[in-house]
Amino acid sequence: MSFGLWEDLEGVVAMVDAENIASKQKQISISEFFEKNKHFLGFDTLQRAVITAVKEAVDNSLDACEEARILPTIKVEIKKLKADKLELICQDNGPGIPRNSVENVFGKFLLGSRFHAIRQTRGQQGIGITGVVMYSQLTTGSKTHVISKIKSDSSAVHVDLGLDTRKNKATKSNEIRDVWFEDGEEVVSGLKIKTVMKAKYQRGRQSVHQYLRMTSIVNPHATIQLIVRDVDGEIIDQGHWIRTTEKLPRVVEEIKPHPHGIHLGQLQRMLKEADERKLTSFLRHNFSGVSMRAAKEILGKAELDEGRTPVRIKADEAQALLDSFQEVKLLAPPIDCLSPIEEILIKKGLSKAIDSRFASTVTRKPAVSQGNPFQIEVGLVFGGDLAADGPIEVLRFANRVPLMYQQGGCLMTKALESVNWKQYGLEHPGGKGLPKGPAAVLIHLASTNVQFTSEAKEAVSDNVEVHEEIRKAMLEVGRGLKNHLKKSKQRKKAQEKFDLINIILPEISRKTSDMLGREEPDLSPVITRIMNAVFLEDEVTWDNDTKQNICSVTIYNYTARARAYTILAKWPEAKGVRMVENPRGGRKETNGLWAWRLDTLNPGESAEIRFTVEGLTKGDWNEMDIFFRGNGDIIGANKIDEKLLDEMRKVEALAVAEAEHAKPDEIGSLERVLDRAEPVEGLQEAPNEDLTEPTAPVLEVIPAEDEDWFGMKDGDTE
Amino acid sequence: MSANGYTKEQVIEALHDIAGEMHNKMLKGEPPTMTLPVRTKQNISFDSKLGVYKYGKKRSTRDATSLGSARQLLRALHVTEFIEEMIEAGKSSTLREMYYISEGWGHGKFGSQNESNNLAEDLEIITKCMREDFKLRPEEDGARIIGNITLQERNRRGEWMRINCRDDVGDSGYGVPYNVELEKIRLVDHDVDFIMAIETGGMFDRLVENGFDESARCALVHLKGQPARSTRRIIKRMNEEWNLPVLVFLDGDPWSYRIYASIAYGAIKTAHISEYLATPSAVYLGIRAGDIESYDLPADDLSSKDIQALNAELSDPRFADAEWQEEIKLMLELGKKAEQQSLAKYGLDFVTETYLPEKLAEILGR
């Protein structure tokens, strides 16, 4: 629900009339206010009005479902009517609204009961559903029809709502209680609104379709459907994004504001409404991060007596208090009030809306800026259906709400553009503006207080800490992209070579022999001459029957000497994810890294490592990173960096000792180690001096701690 | 029989030698290869015995160590098989047809028409056969001829038809077939003093309409831009067998210079068969760079591509003599080019009554 309107009004009214905020706020006619400020409220153009209306309804539905722990199923229907009017129907399966709250939710702009609460909600950003009721009434004179059903009631409320704009109150009419059927089934709980408004439906980058597509990306737990009909009932646009996870976002905790993130107006209001009798207790009870010692220090710096009553504090004294907040060292605000989407769900969300070949996602740790906790998440997808010409698509989100306008002026875009994308494999002419290529980048800013450039709330304003966090996240996904591109290039080259020796060469041999009436030559020495390298092919596939990932690594020795290697595979080891079959055995090298020993791989021979993994879902894991230990190069795998691996093991041992909070760190450090192991560029000749003789294979020296090898006998030792 | 006098068996044997090179390499445990001359202007040189430009000694070897060249080798084998089949069946196909037939060749399939054309030329160069020997026809049709010459063409029923290129043809003239070798065309008789090759259809029709072939006692050959092989070959035969001078009348631009060079000295792409196609005694009549000034012709500015082409010609061995260097530099200096039909500035008859007679007097001394 939208409870953030106090802030909206405050900001907007301040711009309209800076004097005497408090009294003005009460006197101003709501409809006059709406009329004057419709550009801030998202109803300034006919095209935008319908997007804003859908946004308010859908955001409310998602927030309500999240609070009630219901997996949301949302349906949006738009029907074009004559003369630039359209009918909008939004329906959800949320908890519904109790009968006596309907008026409040739909009819009141100012719902002050929770404005002290600071937490990450979607509704923070809009005028709320009331705006839709009002816009409908102002432009078409019609009422908004609402059906609401809560689980505990036997029937639903059906009611028409309008607004008494002078009293700032909803007016109800035609209220009845009746059962509610949709598609022949009785609705258990939910909310449906039907309204007629002056608006125009348009397609493209700024459209209802794009808004819902983006919403579905950051809400992988939601199923969202859109149907748009022409005047004659013909479907002219539609979309259906089905949930890809059953996991609801976690419930966010409410926190008190942090002194470093507060403005004068807000402080004055808090003082005015305070129940506390002393300033010290006021500070400790109403703010986070303020200890008794800190409270005393603040008041000392502000030259205010500790025993003063908050209600009596004057404006200049409040200013002094605000100034002294910045001079005192305070505890950071708690960060469990944030609800990130989480890497794997971003991947799922992106895959729901965009067909791509590669996805790299990063969820940064929460950070704090000016007393506000925030967290950055970034996802990058590449290839597939994405258009290769033109700039990449940027998908911006603040607290899971898509930002669709003012892309160029947004901090997120600026941070994205500040990265040198050329070094990560995207075209970036002049290193300026958006990079080009078949890619889309998602940026999500989760924060208790998103700072926008204007009341339109479409662009995040500049902030050094947030910029830096976004930039770092970009560099991380950029590295992922670079590795992917290198790997695809290597894979393509290797595939070409395989085609050459397995298909073309035998055909040349057959044809020339036929033509000349001669015997076919022995091709194995020719193949060795052509390839002259060790190749590795890997594949991860999903078995829908067993619900397992089947992983296969094949190593081909196309050199004139026998080879011995340890092959290491990175796999998504985690709680609930385990290896099922692994006939070659091998051993765990460190968390998320498994190793197998291949003793002797003779010239012209190949060996396969197969294993299956359980506990993931389809699409979670599509690409394996393979490393090796041993002499020479392997095309298709990178040499492991032993020093870094050792370092990592130490970190892991420490972490195990400390037991808690270990997991994310480990994975992070593994990521960093593996990123630093540079892949082999192109096809290179393996140096001769480290080749072993085919008849007397020299085994690689195994480090002492590796003595517990098992599964070695399965190795290809012929 | 063909221009070079190869029999079917010799053609097939020459093709089999290519397969032989590949097979021998594989027997030695080495990747199969195909060796052929480098086909760029850096590797053409003047053959003083033949009077034309031929490929030099630079050779390149394609070996099957990369996917691209391995495919080329496989394609060459597919094409060889295809040619053998056609020779056996007494059929022929166009290069375009071969390109489509290659759809069924798996990894030997051509990526573009250009690839199949180039490979056909590669095979000609390696085997010293001509594409007619391979039963491969070009897509482009040959030229048109009008003038008092008589020749015999063997029609589809195998009968020899006698055709006079003035009396037995309409206004569009005699159409030159793709094969103009002895087995198809015999040059019988003529009553003309020279051959005039003309670049554009507009100018050809102007000269025909003005009756220039009769008034100047010549045979007019329409080149249709860059002339097809058969056009160059029939000009060459008329020049050799009838001992007739050949005058070339083109636009005055860098591309016309190249057309002339391909007629007189041989084209870079077909330097392996220059001695069959080139007419070293052909004379460039006009439009000359100097004509733009002396006749005050309407002219266009040279484009950047034109200037690039002229500069490339300065280093082309075919334009190495002093007269050509002067001509090219003059055009660069003027910065102008002119079309044949710009002569119409002085009326429709100017070309036949003034320009050409003046040029002929200069060249043939009459």
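Before the close-ups, a word on contacts: two residues are in contact if their C-beta atoms, placed from the backbone, lie within 7 Å. Everything here comes from a predicted model, where local features need pLDDT of at least 70, side-chain atom pairs count only at pLDDT 80 or more, and totals for chains, interfaces and linings use all residues. Residues are numbered from 1 along each chain as its sequence is written, while chains are lettered from A and ligands numbered from 1 in the order in which they are written.

**View 1. Helices H9 and H12 of chain A cross at roughly 115°.** Helices (H or I, at least four residues) and strands (E, at least two) are DSSP runs, numbered from the N terminus. The axes of H9(A) (residues 264-272) and H12(A) (residues 315-327) come within 10 Å; axes are lines fitted to C-alpha atoms, for helices over the stretch in contact, and angles run from 0 to 180 degrees between N-to-C directions. The pair is therefore roughly perpendicular, on a scale where angles under 35 degrees count as roughly parallel, over 145 as roughly antiparallel, 65 to 115 as roughly perpendicular and the rest as oblique. The crossing of H9(A) and H12(A) is right-handed; a crossing gets that label if the near helix is turned clockwise from the far one by less than a right angle, and left-handed if anticlockwise. On the H9(A) side you have Leu264(A), Leu267(A), Gln268(A) and Leu271(A), and these meet Ala315(A), Ala318(A), Gln319(A), Leu321(A) and Leu322(A) in H12(A). By class, the residues of this contact split into 7 nonpolar, 2 polar and no charged. Here Ala, Val, Leu, Ile, Met, Phe, Trp, Tyr, Cys and Pro count as nonpolar, Asp, Glu, Lys and Arg as charged, and the others, Gly among them, as polar.

**View 2. Strand S14 of chain A pairs with S16(A) and with S15(A).** Two strands pair if DSSP finds at least two bridges between them. S14(A) (residues 393-398) runs parallel to S16(A) (residues 439-447), with 6 bridges; Leu395(A) has Leu442(A) as its bridge partner there. S14(A) and S15(A) make a hairpin with 2 residues between them, and Asn399(A) in the turn has a positive phi of about 45°.

**View 3. Asn532(A) sits in a loop of chain A.** Asn532(A) is not a glycine, yet its phi is positive, about 50°. Look for Asn532(A) between helix H16 (524-531) and strand S17 (533-543) of chain A.

**View 4. Helices H1 and H2 of chain B pack at about 160°.** Their axes are 10 Å apart, and the angle makes H1(B) roughly antiparallel to H2(B). H1(B) passes H2(B) in a left-handed crossing. Among the residues that meet are Val11(B), Ile12(B) and Leu15(B) from H1(B), and Leu73(B), Ala76(B) and Leu77(B) from H2(B). The contact's residues divide into 11 nonpolar, 1 polar and 2 charged.

**View 5. Chains A and B each bring 21 residues to their contact.** On the chain B side, helix H1 (8-27) and helix H2 (67-89) each supply at least two residues. That side has 12 nonpolar, 7 polar and 2 charged residues. For confidence, the predictor gives the complex an ipTM of 0.70 and a pTM of 0.64. Chain B averages a pLDDT (the predictor's confidence in each residue, from 0 to 100) of 87, and 98% of its residues score at least 70.

**View 6. Chain B has an open sheet of 6 strands with mixed pairing.** The strand order is S10-S7-S13-S12-S14-S15, and S10 (174-175) and S15 (283-286) are the edges, each pairing on one side only. S14(B) (residues 246-249) runs parallel to S15(B), joined by 3 bridges, with Leu247(B) opposite Val283(B). Helix H7(B) (residues 229-241) packs on the sheet, touching S12 (194-198), S13 (218-222) and S14 of chain B, and its direction makes about 165° with that of S12(B).

**View 7. A cis peptide bond links Gly286(B) to Ile287(B).** Its omega is near -5°. Ile287(B) lies in the loop between S15 and helix H10 (289-294) of chain B.

**View 8. Strands S2 and S3 of chain B run antiparallel.** S2(B) (residues 44-47) and S3(B) (residues 52-55) are joined by 4 bridges, and Ser45(B) has Lys54(B) as its bridge partner. The hairpin has 4 residues between the strands, and Gly51(B) takes a positive phi near 75°.
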